[in-house]
Amino acid sequence: CQVMKSEKYEFQKYYYCACFTTDNIFLDEYKLHVRFASEQQFRQDFSPVLQSLGCVTEQQFQDVLTKINQEVDRRKCFGRTSVERAAAIRDIYQPLHPHVYHLQESFLAPKFKHIAEYCSGPNASKEGLLELLDEVPAPKVYRFPVFERQFCEELLQELEHFEQSAAPKGRPNTMNHYGILLNELHFDQGFITPFRERYLHPITALLYPDWGGHCLDTQKAFVVKYDMNEDLDLSYHYDNAEITLNVSLGKDFTEGNLYFGDMRQVCLIVHICYCSFSCLMHYCCPLQVPLSESECTEVQHKVTEGLLHRGQHMHGALPIASGQRWNLIIWMRASQVRNQLCPMCQRKPSLLEGEGYADGFTCQSDSLVNASCSLA
Ligand SMILES: O=C(O)CCC(=O)C(=O)O
Ligand SMILES: [Fe+2]
């Protein structure tokens, strides 16, 4: 192949799945994820469950529709507004600690470097790796030290400085109102991408070969923040990721552990379309069937440590009881896996062009064009 890896990334295009504007819309007040393709479909699928959660009057239902419309509009403009925010941040924001944007070995816990080195070595095996990791009560969830404490403190100082600045902020998702999208703050190129490629990929390749851990190629990285006067917890959910790394960065807080349930299961509800007398087409609508939170396993999470888990492993964060809790979340994506089945809608993805890594889908015909360009 004539193309160097770093050059290839420059012209690799990444995509969203069209379900980004219809699926997994989180209704805060009912703690419910919904799908909204049309009002008719939405009423049919979600009226009963919304009623059981206390949405009983037509006015309450209309308020829900207004919130959904706002969220859909936000998502439709997300690509453009995200690029605008990233450009404004580059123009107006002066970092407090410019060095934290460039990954250095000194940021990393010695044990983490040892684990990554072991996994990159010629004799690495899953069994050997498991002996180096802490045991966690939930299946296929792994814990290990990641950063040095001083780095966590400096990163948080940088993020607080950014939070207090006039620069625009993109929030990671509708469930967390105070997080920060790290790609907009230009953390990907110098930090998160090399961190994934050099350190995380050798580990995930051994631990999750069946879940794309051996072919991760992009990520979405962000921080989430919990405070007594802001968000306290995070509802039960799955991630838009093949594999997720969640690192506790601080500060001082009590409670706020993670909990894990089952792998996500999808129940296909069959509907019949009545658009005309002759149509009667069947179509399926996937709804998630979560294990109840009480059946979940709580997992302790200490500052500087990371938890690695499958994106489709359902989880949430318990409320903090005091202090402030910040976590670095890296949703790692494997285009080879998600191109087959979108992890959010569980359908063959319907591609929408995006900016940067978008949601990590790729298009096969692009690869053919790239290959012929590189040979020309
Ligand atoms: O707060 C946490 O530790 C969990 C965050 C999380 O699961 C997410 O953002 O996807
Ligand atoms: Fe998550």
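This is a predicted model: local features need pLDDT of at least 70, side-chain atom pairs count only at pLDDT 80 or more; totals for chains, interfaces and linings use all residues.
Student: At which residue does helix 2 bend?

Tutor: A bend is the angle between two fitted axes, one for the seven residues ending at a residue and one for the seven starting there. In helix 2 the bend is about 55° and sits at Phe 46. A proline, Pro 48, follows within four residues. After the helix comes Gly 54, with a positive phi near 105°.

Student: Which residues of helix 2 are buried?

Tutor: Count C-beta atoms, placed from the backbone, within 10 Å: 20 or more others means buried, 12 or fewer exposed, and anything in between partly exposed. Phe 42, Phe 46 and Leu 50 are the buried ones in helix 2. An α-helix has 3.6 residues a turn, so residues three or four places apart point the same way. The buried residues of helix 2 pack against strand 3 (32-34) and helix 3 (58-76).

Student: Why is Leu 50 buried?

Tutor: Leu 50 has 20 other C-beta atoms within 10 Å. A contact needs the C-beta atoms of two residues, placed from the backbone, within 7 Å. Setting aside residues up to four places away in sequence, Leu 50 touches Tyr 30, Cys 55 and Val 64. Val 64 is 14 residues from Leu 50 along the chain, and their C-alpha atoms are 9.6 Å apart.

Student: How far apart are the end C-alpha atoms of helix 8 (residues 188-207)?

Tutor: They are only 24 Å apart. A straight helix of these 20 residues would reach 28 Å. Helix 8 also has a kink of about 55° at Leu 200, shortly before Pro 202. Its buried residues include Tyr 199, Leu 200, His 201 and Pro 202.

Student: How many helices and strands are in the protein chain?

Tutor: The protein chain has 10 helices and 17 strands. Of its 376 residues, 32% are buried. Take the contacts between residues at least 6 apart in sequence: 81% join residues at least 24 apart.

Student: Which residues of the largest nonpolar core touch the most other members?

Tutor: A nonpolar core is a set of buried Ala, Val, Leu, Ile, Met, Phe, Trp, Tyr and Cys residues joined through C-beta atoms within 7 Å. The largest has 52 residues, and Leu 182, Val 223, Ile 329, Ile 330 and Met 332 touch the most other members. Beyond four places in sequence, the contacts of Val 223 include Leu 159, Leu 182, Trp 326 and Ile 329. A second, separate core has 13 residues, among them Tyr 16, Phe 20, Met 344 and Cys 345.

Student: Which residues surround ligand 1?

Tutor: Being near means a C-beta atom, placed from the backbone, within 6 Å of the molecule. Around ligand 1 are Val 224, Leu 234, Asp 239, Asn 246, Leu 258, His 315, Ala 317, Asn 327 and Ile 329. Strand 15 (313-317) and strand 16 (320-333) each supply at least two of the shell residues. By class, five are nonpolar, three polar and one charged. Here Ala, Val, Leu, Ile, Met, Phe, Trp, Tyr, Cys and Pro count as nonpolar, Asp, Glu, Lys and Arg as charged, and the others, Gly among them, as polar.

Student: Where is the peptide bond that is cis, with omega near -5°?

Tutor: It runs from Gly 250 to Lys 251. Lys 251 lies in the loop between strand 8 (243-250) and strand 9 (253-255).

Student: What is the phi of Thr 304?

Tutor: It is near 85°, a positive value in a residue other than glycine. Thr 304 sits in the loop between strand 13 (297-299) and strand 14 (305-310). It counts as partly exposed because 18 C-beta neighbours lie inside 10 Å. Gln 346, not a glycine either, has a positive phi of about 60°.

Technical notes. Residues are numbered from 1 along each chain as its sequence is written. Chains are lettered from A and ligands numbered from 1 in the order in which they are written. The expected span of a helix is 1.5 Å times one less than its number of residues.
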